[in-house]
Amino acid sequence: MTASALTATAPYAARPRNAGFDIGPATRAIITAAAIAMSAACLFALMRFALGLAPAHPAMRNIAVVLHVVTVLPAVPLGAYLLLSRKGTPRHRQLGKLWVGLMVVTALAITFIRGGTDFSWIHIFVPLTLHGAWKTIVTARAGKIAEHKRHLVGMYLGALMIPGIFSFLPDRMMGTWLFG
């Protein structure tokens, strides 16, 4: 029996050791580096704010900003964990649903940050995130795992990391907290 036949038909525990790790080494390295850098920057910024070492930012008075930050911060390490760990397990499915939920709430919350009418260029990530979340669910349910993976990697790097980088600009809240 070939390894591919074993992977397709055998129970998860009987599959080869690396069967559940379905992203290539270059993608793994990019996701790992992005996750470590973004998580460290977020943690450091939050610690500076919590310890009173960073100036207050007026955006903290907006409940949509607070909701956005509370949902996006755990999505960074959780998304990396899901992309880098074994796939197809019940834990992967449960945490994956949580991650997609966090991303959807994050995207919806940002639409209210500017009052729901005054959008900036960064709001382009809202429909991209919502579309990616929908495609992620549809492809997983249909068993189209290669497409599922492609949408998730795209969401993680494109809808989470790219806007995350811009959140550290000096005039933005995370940038103010990090660089103060």
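Trainee: Against which helices do the buried residues of H4 pack?

Mentor: Please note at the outset that this is a predicted model. As a general idea, an α-helix has 3.6 residues a turn, so residues three or four places apart point the same way. In this structure, the buried residues of H4 pack against helix H3 (63-84), helix H5 (125-141) and helix H6 (145-166). Among those buried residues of H4 are Trp 99, Leu 102, Met 103, Thr 106 and Ile 110.

Trainee: What distance does helix H4 reach from its first C-alpha to its last?

Mentor: Helix H4 covers residues 90-110 and reaches 31 Å, close to the 30 Å expected at 1.5 Å a residue. The chain as a whole has seven helices and zero strands, and 38% of its 180 residues count as buried.

Trainee: How many aromatic pairs does a search of the whole structure find?

Mentor: A pair of aromatic rings is described by the distance of the centres and the angle of the planes. Here the search finds one aromatic pair. Phe 49 and Trp 177 form this stacked pair, with 4.0 Å from centre to centre and 20° between the planes. Phe 49 belongs to helix H2 (residues 25-50) and Trp 177 to helix H7 (residues 173-179), so the pair ties together parts that lie 128 residues apart in sequence.

Trainee: Is Trp 177 buried or exposed?

Mentor: Trp 177 is buried, its relative accessible area being 2%. Phe 49, by contrast, is partly exposed, with a relative accessible area of 31%.

Key
Residues are numbered from 1 along each chain as its sequence is written. This is a predicted model: local features need pLDDT of at least 70, side-chain atom pairs count only at pLDDT 80 or more; totals for chains, interfaces and linings use all residues. Side-chain values use heavy atoms; hydrogens and water are left out. Helices (H or I, at least four residues) and strands (E, at least two) are DSSP runs, numbered from the N terminus. Buried means under 20% relative accessible area, exposed over 50%, partly exposed in between (1.4 Å probe, protein chains only). The expected span of a helix is 1.5 Å times one less than its number of residues. Contact means heavy atoms within 4.5 Å. Rings of Phe, Tyr and Trp (its six-membered ring) pair if their centres lie within 6.5 Å; planes under 30 degrees apart count as stacked, over 60 as edge-to-face and the rest as tilted.
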